[in-house]
Amino acid sequence: LCEDLKMPFPFSLLCLQVIKCKAAVLWEANKPFSIEEVEVAPPKEHEVRIKVVATGICRSDDHVISGALVMPFPIILGHEAAGVVESVGQGVTSVKPGDKVIPLFIPQCGECKSCLNTKSNLCSKTDFGTTSGLMPDGTSRFTCKGKAIYHFLGTSTFTEYTVVHECAVAKIDSAAPLEKVCLIGCGFSTGYGAALQTAKVEPGSTCAIFGLGGVGLSVVIGCKVAGASRIIAVDINSDKFAKAKELGATDCINPKDFNKPIHEVLMEMSGGGVDYSFEVIGRTDTMTAALACCQHNYGVSVIVGVPPAAEKITFDPMLLFTGRSWKGSIFGGWKSKDAVPKLVADYMKKKFVLDPLITHILPLTKINEGFDLLRTGK
């Protein structure tokens, strides 16, 4: 029969069934996650179904809960993960069942204007910046209690199984520890790349990093790898300073300890302004402070934290007129499908560490506790 149908892989028809599994569903804003049994449909053409082994909690997920990042509900959040390919849809060639992979919230189709330009990494196939919450064909692969559930950033990793488009998944080293390299799916790559790719920090330079969460600490790592001679870490939670110094910060300062604006403090500390600054919080006031603390003529400030919805920035244009540069960085400027396997390989070669960025390991059923830890700076 299979010969008559000219189908070389008939077994794939047998495994492409609906999967029932656990997922953390967010039914509405400002409510806890609900652990539900969901149905995950088989992958369609050029799609991949992944068994999620480990997923990180990111501030961007929390922005959806609070309403700072507008998305439709109900939704399965999560975008920083690693897993194993369970099945593939027709036409998929880059991965196969059993491969270890990292989902990519910034895809790389390889065909759009952005992908073809060496200067950019924001593929036109991304769901970032939209509120569709659907797969490219305009439908969902998740169902719960008879209701379609929206996707998040084309990844949705707070579930035991998810479906992504082939351009939004990268095959990685089969020996990589998934519970660690999942961080390369967002937080680590974003911060590390902001220093190396976006700012292009130079040896001997002075850097200031506003915010010492997982992404901010990854900026610290990137600045150290780039050879910065002075790395000033800034946070209102002094409990984070020990880890920042462990990862390469040379100075740690708390704005609460001063009775003057923090940018003035940094200007004095650096003898006229830092070479590079990074805002890794997502607040408009710290974005302008990070710009103001840069050297007035050649300083570069990079916005790494996701800006809050509906907020605007007002600033003195003289800050830019004198020569400062203000840049944004999404996913660290990396072309995802190309860079993620290389970053995993670099981790395996011990070119950087990830363990200090992991503070807690919890089961999916305790995801609400995980978000409480995030919100309290733990």
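Two strands count as paired if DSSP finds at least two bridges between them. The exercises below apply this to a predicted model.

**Exercise 1.** State in which order the strands of the six-stranded open sheet lie, and identify the edge strands.

*Solution.* Step 1: the order is β12-β11-β10-β13-β14-β15, with parallel pairing. Step 2: β12 (251-253) and β15 each pair on one side only, and these are the edge strands. Step 3: from one strand to the next, the twist averages 20°.

**Exercise 2.** Determine how many bridges join β14 to β15, and which helix packs on the sheet.

*Solution.* Step 1: the parallel strands β14 and β15 are joined by four bridges. Step 2: Gly 328 in β15 has Ile 303 opposite. Step 3: helix α10 (residues 284-292) packs on the sheet and touches β10 (206-210), β13, β14 and β15. The direction of α10 makes about 175° with that of β13.

**Exercise 3.** Check the span of helix α6 (residues 187-199) against expectation, and locate its kink.

*Solution.* Step 1: at 1.5 Å a residue, the 13 residues of α6 should span 18 Å. Step 2: the end C-alpha atoms of α6 are 17 Å apart, which agrees. Step 3: a kink of about 50° is centred on Gly 193. Step 4: after α6 comes Lys 200, with a positive phi near 55°.

**Exercise 4.** Explain why α6 is described as largely enclosed.

*Solution.* Step 1: a residue is buried when its relative accessible area is under 20%. Step 2: eleven of the 13 residues of α6 are buried, so the rest of the structure largely encloses this helix. Among them are Phe 188, Tyr 192 and Gly 193. Step 3: the elements covering these buried residues include α7 (214-226), β13 (276-279), β14 (300-303), β15 (325-328) and α12 (336-348).

Methods. Residues numbered from 1 in each chain as written. Predicted model: local features only at pLDDT ≥ 70, side-chain atom pairs only at ≥ 80, totals over all residues. Heavy atoms only, no water. Helix = DSSP H or I, 4+ residues; strand = E, 2+ residues; numbered from the N terminus. Expected span 1.5 Å × (residues − 1). Bend = angle between axes of the 7 residues up to and from the residue. Buried < 20%, exposed > 50% of the residue type's maximum accessible area, 1.4 Å probe, protein only. Contact = heavy atoms within 4.5 Å. Axes fitted to C-alpha atoms, helices over the stretch in contact; angles between N-to-C directions.
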